[in-house]
Structures are given as structure tokens and as C-alpha cells.
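Work through these exercises with the sequence and the model open. Each task is followed by its solution.

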Amino acid sequence: MGTDYILKGHVLSFAGSPFAADRPEDAARLLDAVAVQNGKVAGAGPLAEMQALLPKAETVDHSGKLIMAGFVDAHVHYPQTAIIASWGKRLIDWLNSYTFPEEMRFGDRAYADGIANRYLDLTAAHGTTTACSYCTIHSESVDAFFTAAQSRGQRVVAGKTCMDRNAPEELRDTAQSAYDDSDALIGRWHGVDRLEYAITPRFSPTSTPAQLEAMGALWGKHPECLMQTHLSEQTDEIEWVRSLFPQARDYLDTYEEFGLLGARGLYGHAIHLEERERHRLRDFGAALIHCPTSNTFIGSGLFDMAGLMAEGQRIGLATDTGGGSSFSMLRTMAAAYEIGQLRGTPLHAAQLLWLATQGSATALRMEAKIGNIAPGMEADLVVLDLASAPAIAQRSARAEDIWEAVFPTIMMGDDRAIAGVWIGGRPVEQRR
């Protein structure tokens, strides 16, 4: 049984989606304190009430700071940690020049362990408490990531990346081995502690129809698992898919045909969608994962957040490490704002914070567990210092409300803004 805590400060809780409210800020509640007991949120409200609720709890004073749910990063590639911010390539060249050579190293368990722990250290320092990661084709890479997260009591999702064509021989499996290895990993890890498995065909160009069919069959066997892949990231990628699957109606159809379209599906990027694809994704309740720093860094395009939200799509937010150029969900929110501006639909601070927490948790079908501060939720929390650097402090000092106060941190903040991180109700020692 762990220590009970009461965190005092500006506590942000969402009563609904800011995208569905008349004013985005109407979906949010600002409270005085949050009580944490046995790894869960015991309550949130006036400080005196929380102290009465947990009279023996240690009170941690974060006055003037914003206490909120920890960030949920819904699409990452932890094996690309060491090659983040590599210069000058678009998607297909990026894979061949940087990603595939690095991923070849993850058959070495010791190397995979080192990168997995480095990734979780770096992201915790930026306030990320849950990530959904692609691994490599090697089972060792999955074991390494889950082992590192398990040792920290962290909620994560991950899966073995499956590829049997258009990749180096050292990174190709087969339809059968992809099925067998993934099935064994599900048996070993899914539902253990705070770990969940995602069936992971990288994307249609690197899987034969036989492998996609095998992954669809595996998902049919384990419908409780998530399934993650990529969709319509770049226009030349879409043309490549069209040449590989000439009978398909569109890119999404290359998944749908093989049973890889579903409510627990996560489709990364989804920038250049056709009308049929948008309807089918919404009808199935699938999740689209917006990766704004990646979309600009490798020149993919501008995600239609406003249009897709208006259609009722389920949308999460992600760094897409390491095609994305930052481990920080603050920087990711800033990029999402900038892309919204370029499309004429800027996002409110409440919408950005919701996307990085409850939005991503909803995409992962975990909204009842993480991504918000409410009684019974798992106590994954981040504390934001709204004056972490002189440029930010001088702007936030002029703020007339909490949204004006937090927006400079969204736009200019980095790991210095992370005043505290709590995973499973325990404070995380910051490793800089």
C-alpha cells in the first residue's frame, strides 16, 4: 500500500469534450486539490474536503501551478529514439535511410533494454505517462519495452511490428511467424499489470495480402487488443499503396478487406482521406491519431482536425517519435495549434490539453482509466509550472484567466515546465 497524497494547485478536470461544448472552456472544471490513494484518484475539489477525505495524507503544495492528467502519447516508435531529428527525408526515404538500419539492432535484447529505458526516461521528463508504441519485428524489442514499463508501474501499449516485404531481409518476418510471434507476445504480456498489446502491421506496403490476412485473423482471435497501423500519411505513399493493391477501393480498403478495420483500431496520420474512408472510419468508431510535428517535419500535410471532429471522428494526439521532432506533448500541442492556424481553425488551449490527455485516452479506449482527474481514475498526473522560463513567465503574468496563463507554456514550454510527474500514484524522480 502506497503513501496517500493531496496535491494542491490549479487542478484541471474535464466534464466533457471541449470540441462539443458551446465554448471550449465550458467543458473544463478548475478545482483546488486532488487526493490520491493507492494509485487512484480518491477525489478532487476544495482542499479542506480533500484533507478530510484523506486526513493522514501528505499535502504537496503546487500553488500557482496547473495539475492535470499525465500526457497520453497515442502513436510512437520507441526504437527510433536514437535517430530522432535526422535530416531531410520524406517518408519512404526516412524508413530506408534511418529507421530500418536502426531497427535492425533490436534483436539484441541488451540494446533494446537500453533504448526502452532511455525512451521512458525522456518522455517522463516531458510529462508523458502513457505511450502507445510500435516496436520492431523482434520479440525482444517488445519484451524490453514492456519490462521497462512494468518496472515503473506504467500503463503502456505496444506491439511487434510485422513486415514481410519492401523492407531489408533482416527486418522481414512471414505471415505465419508474424501471427505466431504476436500471439505468443499477447499471451505473455496483454493485461499483465498496466500493459496492453496492440497488433501491429506497420502499413500496407510492408505487408503482403497474406500477412494482412493473418493479422486480421489474429485480431479476430483477440478482439480485446488494439490494432495500430499507418494510413494516408503522404501522397506518394498513397500512390504506392494503389500500385500494390490495384483492386482496392482506397488505402483504407487494404485494411478493411482483411479484417483490420474496427473500433479498437488506431490509424496514424490519416491526412489525405477520401470521402469513403472518412465515413467508414466514423461508422466503425475507429481512432485517427494526429501527429503534427511529424507531419510537418517530413512534409506530409495538414491534418483536418476541425472537419474530422465535426464529423464525429475519434481523434488522439501523438509525437510520432522519431519521425516527429520532439518527445514533448507540449511541443506537439503547439504544432497542432499551428496546423490549425494554417487551416483557418486554431485550437483553444482547453482543446489542446484535452487532446493530449482525454482525447488520446479515448482513442486508446482507456478513457475510464487515464487521461482525466476524476474519482476512480488511475493517478497518472503532471504538474505544469506556468512560469518555467523568463519569456513564459512575463507573458503568463499578464494572463486574465487560466487559459491565457497556460497557453504560453503550450507554445513555448519544454521539460523545464514539468514541475512533477506521478505514475500510478507515485512521484517520478526526474532524470534529466
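Predicted model: local features only at pLDDT ≥ 70, side-chain atom pairs only at ≥ 80, totals over all residues.

**Exercise 1. A peptide bond**

Task: Determine which form, cis or trans, the peptide bond between Thr321 and Gly322 takes, and place Gly322 in the fold.

Solution. Take omega. The value is about -5 degrees, and the bond joining Thr321 and Gly322 is cis. Most peptide bonds are trans. Now place the residue. Gly322 belongs to the loop that runs between strand E13 (314-317) and H12.

**Exercise 2. Two partners of H15**

Task: Classify how H12 packs on H15, then do the exercise again for H13 and H15.

Solution. Step one: the H12 geometry. Helix H12 (residues 329-342) and helix H15 (residues 402-412) have axes that come within 6 Å and cross at roughly 95 degrees. H12 is therefore roughly perpendicular to H15, as angles of 65 to 115 degrees fall in that class.

Step two: the residues. H12 brings Leu330, Met333, Ala334, Tyr337 and Glu338. H15 answers with Phe407, Thr409, Ile410 and Met411. The contact of H12 with H15 counts seven nonpolar residues, one polar and one charged.

Step three: H13. Helix H13 (residues 349-363) packs on H15 at about 55 degrees, with the axes 9 Å apart. H13 and H15 are therefore oblique to each other. Their crossing is left-handed.

Step four: the H13 contact. Ala349, Ala350, Leu352 and Leu353 of H13 meet Trp403, Val406, Phe407 and Ile410 of H15. By class, the contact of H13 with H15 has eight nonpolar, no polar and no charged residues.

**Exercise 3. H3 against H4**

Task: Give the angle class and the handedness of the crossing of H3 and H4.

Solution. First, the angle. The axes of helix H3 (residues 109-125) and helix H4 (residues 139-151) come within 8 Å and cross at roughly 40 degrees. H3 is therefore oblique to H4. Second, the hand: the crossing is right-handed. Third, the contact. H3 supplies residues including Arg109, Asp113, Tyr119 and Leu120. Among those of H4 are Glu140, Asp143, Phe145 and Thr147. The class count for H3 with H4 is eight nonpolar, three polar and four charged.

**Exercise 4. Pocket and cavity**

Task: Describe the lining of the largest pocket, then that of the largest cavity.

Solution. Begin with the pocket. Its space is about 470 Å³. The lining has 24 residues, with Ser151, Arg152, Gly153, Gln154 and Ile423 nearest the centre. H3, H4 and strand E16 (426-427) each give two or more residues. H3 has the largest share, four residues. By class, the pocket lining has eight nonpolar, seven polar and nine charged residues.

Turn to the cavity. The structure holds one of 30 Å³ or more. The largest cavity has a volume of about 130 Å³. Its lining has 15 residues, and His77, Leu91, Leu95, His230 and Glu233 are the closest to the centre. Helix H2 (residues 91-103) gives the largest share, three residues. The cavity lining divides into five nonpolar, six polar and four charged residues.

Notes
Residues numbered from 1 in each chain as written. Heavy atoms only, no water. Axes fitted to C-alpha atoms, helices over the stretch in contact; angles between N-to-C directions. Parallel < 35°, antiparallel > 145°, perpendicular 65-115°, else oblique. Contact = heavy atoms within 4.5 Å. Nonpolar A, V, L, I, M, F, W, Y, C, P; charged D, E, K, R; others polar. 1 Å grid on protein atoms, 1.4 Å probe; cavity = no way out; pocket = protein on both sides within 12 Å on 5 of 7 lines; lining within 4 Å. Points joined across faces, edges and corners; volume = space filled by probe spheres on them. Left-handed = near helix turned anticlockwise from the far one by under 90°.
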